[in-house]
Amino acid sequence: VELLSNALILVVALVCIAQRHQLSPGLAALAISQATSTTGLLNFVIRMLADTEAQMSSVERVLEFAHR
């Protein structure tokens, strides 16, 4: 996840550098800022998915014990 996040920021930064003549500095800063916040959101989503999976396996265990 961290590798994917860092790769996203790198790609956005490289595109901003490649388009520096056609892209305003404010828009480039906004793009990099949004890429950074998107990586934080991606980490949050992965954490929540892992937590949900752990909670669902607890429910499966309870159901398994109830049907024995």
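Modeller: To begin with a term: a helix here is a DSSP run of H or I with at least four residues, numbered from the N terminus. Keep in mind that this is a predicted model.
Colleague: OK, so where does C16 lie?
Modeller: C16 is in helix α1.
Colleague: Is C16 buried or exposed?
Modeller: C16 has a relative accessible area of 10%, and buried means under 20%, so C16 counts as buried.
Colleague: What is C16 in contact with, leaving aside its neighbours within four places in sequence?
Modeller: With those set aside, C16 touches L23, A28, A31 and I32.
Colleague: Which residues of α1 are buried?
Modeller: S5, V12 and C16. They sit on the same side of α1, because they cover an arc of only 40° around the axis.
Colleague: And what do the buried residues of α1 pack against?
Modeller: Against α2, which is residues 25-66.
Colleague: What's on the other side of α1?
Modeller: There you find L3, L4, L10, I17 and A18, which are exposed.
Colleague: How far apart are the end C-alpha atoms of α1?
Modeller: They are 24 Å apart. That agrees with what you'd expect, because 17 residues at 1.5 Å a residue should span 24 Å.
Colleague: Changing topic: which residues form the nonpolar patch on the surface?
Modeller: V1, L41, F44, V45, I46, M48 and L49, with about 610 Å² of accessible area together. V1 is in the segment before α1, and V1 is partly exposed, at 46% relative accessible area.
Colleague: Great, thanks!

Conventions
Residues are numbered from 1 along each chain as its sequence is written. This is a predicted model: local features need pLDDT of at least 70, side-chain atom pairs count only at pLDDT 80 or more; totals for chains, interfaces and linings use all residues. Side-chain values use heavy atoms; hydrogens and water are left out. Helices (H or I, at least four residues) and strands (E, at least two) are DSSP runs, numbered from the N terminus. The expected span of a helix is 1.5 Å times one less than its number of residues. Buried means under 20% relative accessible area, exposed over 50%, partly exposed in between (1.4 Å probe, protein chains only). The arc is that of the directions from the helix axis to the C-beta atoms. Contact means heavy atoms within 4.5 Å. Patches are made of residues with over 30% relative accessible area and no salt bridge: like charges are joined within 9 Å, nonpolar side chains (Val, Leu, Ile, Met, Phe, Trp, Tyr) within 5 Å. Accessible areas come from the Shrake-Rupley method with a 1.4 Å probe; for residues, only the protein chains shown count as cover. A salt bridge is a side-chain nitrogen of Lys or Arg within 4 Å of a carboxyl oxygen of Asp or Glu.
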